[in-house]
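Student: Could you take me through a close look at the strands, and at what lies beside them? I would like to follow them step by step.

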Amino acid sequence: MSEQPIPPTSQTPAVRSFKPLKPLDVALAELLATVTPCHDVEMVDLADADGRVLARDAVSALDVPGFDNSSMDGYAVCVAEAAAASEQGLPVSQRIPAGHFGAPLASETVARIFTGAPIPEHADAVVMQEECAVDELGRVTVVVPARVGQNIRRRGEDVGQGTCVVAAGTRLRPDHIGLLASIGQASIPVVRRLRVALMSTGDELILPGQVAPADLPPGAIYSSNAFFLAHLLKRLGCEVHDFGNLPDSLEATKHAFREAAQNHDLVLTSGGVSVGEEDHVKPAVQSLGQLDLWSIAIKPGKPFAHGRLDRADGAAHFIGLPGNPVSSFVTFLVLVRPFIQKLSGQVRAEGPVGEALQLTANFDWPKPDKRREFLRVRRDATGQLHLFANQSSGVLTSVAWADGLVDNPPGQAIAKGDTVTFLPLSNLLG
Ligand code: AMP
Ligand code: MG
């Protein structure tokens, strides 16, 4: 097991010096300090832009809207004339549908106008059709007094010419992409996708599909980590190459790392980063580059390795996550996600764990750990939080059941009714 002391071996000193646990914030700051954001830029069509990181500020070459226009179907009027009109009302002098440019409004008349159509010169308001009476001759009386400017969308009220609509470093969402289209951009500069090599370590691992459940050899398990890690990486815009399962052998591990380092920005592994005899990740990375092995003061997810794998023209980053699935999942969210975001050029407006809500615990947690804990919880319709009964780092069901994590400070007991910090998973998975 990854978190228990083990007897000395050739790779572990006979007398182990226990380093103090590293607080998460310190670990994250040190990890991010190793990152230089990727500056390689490529052009993509808007159709392919979702989730990509914008490489340069998008500055508008025009006002949006480009002209004053009606926000209603109704009548364009001159307010003073409409107010002064006799009981007979005013005749309709023209009809202006969207996409057509009308003539200046003739005095003592109104114009039939539709949503999105340009406001004719001399008109200063639009009266919605429900607020007008139209007689059998087609003359229009404004029933509800009109106010100058009403129902007019002003030129440039959405975007002013020369303003930046989406800043460089933004990970693009559908709404950003719509805004880019509204200023006439068809293709945009984005940071190239990061290339990530993914590997699972452990002789016990079998890929689903390789062997049917009934035929799993004794002691074997299906590998799950690489599956959720691949999808978490893809949601962050990465190109993922899954190298599959590595056996617990130093030579095989070194061989795979050497190959993966050649053309990837990051080599990400799970398992094999504790100090057991079967953990070959550490010596393999050390022989090919440089490694720091940290004990981070979080639960789940204490062991964490990072460093680099050298190649002729530079180096690939290396990150080793713990093998226990929940530890792997949580350390990805709190450390690898911000790491990838920085490496991919994303400028984050939010903190590393996204939006944190203060909600009420509907559970007791009387025996907290001395490490900062991330408890798997579910929020009910009233906003109260319920705890998944088994918080073991091997129980992936806890994550699938949960819709968030309680970020619990070291040593902090929780009693039902206490206010706790809730991190919605929906923020962390995108
Ligand atoms: P390790 O960090 O290699 O000591 O592994 C810790 C625990 O995580 C062991 O019970 C492993 O069997 C399990 N584990 C390691 N890798 C995976 C994986 N890819 N999928 C599921 N469980 C894993
Ligand atoms: Mg292992």
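Tutor: Let's start with a rule: two strands count as paired if DSSP finds at least two bridges between them. The strands themselves (E, at least two residues), like the helices (H or I, at least four residues), are DSSP runs, numbered from the N terminus. In general, strands of a sheet pair through backbone hydrogen bonds, either parallel or antiparallel.

Two notes on reading the model. Residues are numbered from 1 along each chain as its sequence is written, and chains are lettered from A and ligands numbered from 1 in the order in which they are written. The model is predicted, so local features need pLDDT of at least 70 and side-chain atom pairs count only at pLDDT 80 or more, while totals for chains, interfaces and linings use all residues; side-chain values use heavy atoms, with hydrogens and water left out.

Now find β22, residues 357-361. β22 joins β26 (residues 419-424) in an antiparallel pair over four bridges. Leu357 has Phe422 of β26 as its bridge partner. β22 also pairs with β24 (residues 384-387), this time in the parallel sense and over two bridges, with Thr360 standing opposite Gln384. From β24 you can move on to β23 (residues 372-379), which runs antiparallel to β24 and is joined to it by three bridges. Here Val377 stands opposite Leu387. The hairpin of β23 and β24 has four residues between the strands, and Gly383 takes a positive phi near 85° in it.

Next, look for an open sheet of six strands with mixed pairing. Its order is β16-β13-β17-β21-β20-β18. At the edges are β16 (239-246) and β18 (289-295), each of which pairs on one side only. From one strand to the next the twist averages 15°; the axes behind such angles are lines fitted to C-alpha atoms, for helices over the stretch in contact, and angles run from 0 to 180 degrees between N-to-C directions. Inside this order, β13 and β17 (residues 266-270) are a parallel pair with five bridges, and Leu198 has Leu268 of β17 as its bridge partner.

Helix α1 (residues 24-33) lies across β18, β20 (303-311) and β21 (314-321), and runs at about 165° to β18. Helix α7 (residues 325-343) lies across β13, β17, β20 and β21, at about 160° to β21.

What sits around ligand 1? A residue is near a molecule or strand if one of its heavy atoms lies within 4 Å of it. There are 16 residues around ligand 1, and Glu204, Ser223, Ser224, Gly272 and Gly323 come nearest. By class, the shell holds four nonpolar residues, 11 polar and one charged. Nonpolar covers Ala, Val, Leu, Ile, Met, Phe, Trp, Tyr, Cys and Pro; charged covers Asp, Glu, Lys and Arg; the others, Gly among them, count as polar.

Polar contacts come next: these are pairs of N or O atoms within 3.5 Å, and within protein one must be able to donate a hydrogen and the other to accept it, with residues adjacent in sequence counting only if both atoms are side-chain atoms. A nitrogen atom of ligand 1 is 3.1 Å from a side-chain N or O atom of Ser223. An oxygen atom of ligand 1 is 3.2 Å from a polar backbone atom of Gly323, and a backbone N or O atom of Asn324 lies 3.1 Å from an oxygen atom of the ligand. Taken alone, ligand 1 exposes 490 Å², of which the protein buries 83%; accessible areas come from the Shrake-Rupley method with a 1.4 Å probe, and for residues only the protein chains shown count as cover. The elements that give two or more residues to this shell are β13 (195-201) and β15 (221-222).

Finally, there is an open sheet of four strands in the order β5-β6-β4-β7, again with mixed pairing. Its edge strands are β5 and β7 (125-128), each pairing on one side only. Neighbouring strands here are turned by 30° against each other on average, direction ignored. β4 (residues 74-77) runs antiparallel to β6, joined by three bridges, and Gly74 has Ile113 of β6 as its bridge partner. Between β5 (92-96) and β6 (110-113) is the loop that holds Glu108, a residue with a positive phi of about 60° although it is not a glycine.

Terms used: Contact means heavy atoms within 4.5 Å.
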